[in-house]
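Please consult the sequence and structure shown here alongside the notes.

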Amino acid sequence: MTLTIARLEKHYTERFEDSESICSVVNPGTNESLGTLSLLPKSTVVSEIQSTLEASLAWQKTTVFERSERLHRLADILQQHHLELATIISLENGKPFGE
């Protein structure tokens, strides 16, 4: 599974396709356009916050062992994709990796 801006955009677009407003993402160091994102309507944001609160309640009911297992899986995924994530963050912030 490769993490790319296009893949993230596809997931995001499929999940929030009711949005009509868009925002350009620009590398502030070069003014290069990196793409566009849909701006979510307030109702969608409120719904997502509610979903997050519900997930938090479910998380509280898991055991420390279940949490540990899930966090280790997340750490593994982040490590597998660390260069791609660093590239996205670097472009988005207009900073080279060294900074």
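Predicted model: local features only at pLDDT ≥ 70, side-chain atom pairs only at ≥ 80, totals over all residues.

Residues are numbered from 1 along each chain as its sequence is written, and side-chain values use heavy atoms, with hydrogens and water left out.

**Confidence**
- The protein has an average pLDDT of 82 (the predictor's confidence in each residue, from 0 to 100), and 78% of the residues score at least 70.
- Among the elements, the lowest mean pLDDT, 58, belongs to helix α1 (residues 5-15), and the highest, 95, to α3.
- Helices (H or I, at least four residues) and strands (E, at least two) are DSSP runs, numbered from the N terminus.

**Salt bridge**
- One salt bridge is counted, the rule being a side-chain nitrogen of Lys or Arg within 4 Å of a carboxyl oxygen of Asp or Glu.
- R73 pairs with E69, and their closest N and O atoms are 3.3 Å apart.
- Both residues, R73 and E69, belong to helix α3 (residues 64-80), where they are four residues apart, about one turn of the helix.
- R73 is partly exposed at 47% relative accessibility, and E69 is partly exposed at 49% (buried means under 20% relative accessible area, exposed over 50%, partly exposed in between; 1.4 Å probe, protein chains only).

**Loop residue N31**
- N31 lies in the loop between β1 (21-26) and β2 (33-39).
- The phi of N31, a residue other than glycine, is positive, near 60°.
- N31 is exposed, its relative accessible area being 64%.
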